[in-house]
Amino acid sequence: MTINEIQEKVNAFLTEELEINPDLIMPEARLKEDMGVDSLEIVDVIVFVDEAFGFKMKPEDFKQLATYGQFCDFIAQKVG
């Protein structure tokens, strides 16, 4: 899976499920501060990653990822 395919899936989830404005989705955008992902939505993100990419993400993994770009890169590393 390419980084573009990962970004497409992540973008669709963020805009459709978390209702994040697509204009905010940029590599340097901070997940919490800029995009407004709160602690309750983190659970949704973790479930999404499991269902869409086939691996279990831990809450502590998510805490280490500050930006959208880091989040997509993390997924890319896991799915190889």
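**Exercise 1. Aromatic pairs**

Determine how many aromatic pairs the predicted model contains, and classify the pair formed by F13 and F48.

*Solution.* Counting ring pairs whose centres lie within 6.5 Å gives four aromatic pairs in this predicted model. For F13 and F48, the ring centres are 4.2 Å apart and the planes meet at 10°; since planes under 30 degrees apart count as stacked, this pair is stacked.

**Exercise 2. Burial and the ring cluster**

Decide whether F13 is buried or exposed, do likewise for F48, and then find which residues the ring pairs link into a cluster.

*Solution.* The cut-off for buried is under 20% relative accessible area. F13, at 9% relative accessibility, therefore counts as buried, and F48, at 11%, counts as buried too. F48 also pairs with F53, with 5.7 Å from centre to centre and 85° between the planes, which makes this pair edge-to-face; F53, like F48, is buried. Taken together, the ring pairs link F13, F48 and F53 into a cluster.

**Exercise 3. A charge over a ring**

Identify the ring over which the charged end of K9 sits.

*Solution.* The charged end of K9 sits over the ring of F53, at 5.3 Å from the ring centre.

**Exercise 4. Confidence**

State which element has the lowest mean pLDDT.

*Solution.* The protein has a mean pLDDT of 94, with 100% of its residues at 70 or more.

Methods:
Residues numbered from 1 in each chain as written. Predicted model: local features only at pLDDT ≥ 70, side-chain atom pairs only at ≥ 80, totals over all residues. Heavy atoms only, no water. Phe/Tyr/Trp six-rings, centres within 6.5 Å; stacked < 30°, edge-to-face > 60°. Buried < 20%, exposed > 50% of the residue type's maximum accessible area, 1.4 Å probe, protein only. Lys NZ or Arg CZ within 6 Å of the ring centre and 35° of its normal. pLDDT = per-residue confidence, 0-100. Helix = DSSP H or I, 4+ residues; strand = E, 2+ residues; numbered from the N terminus.
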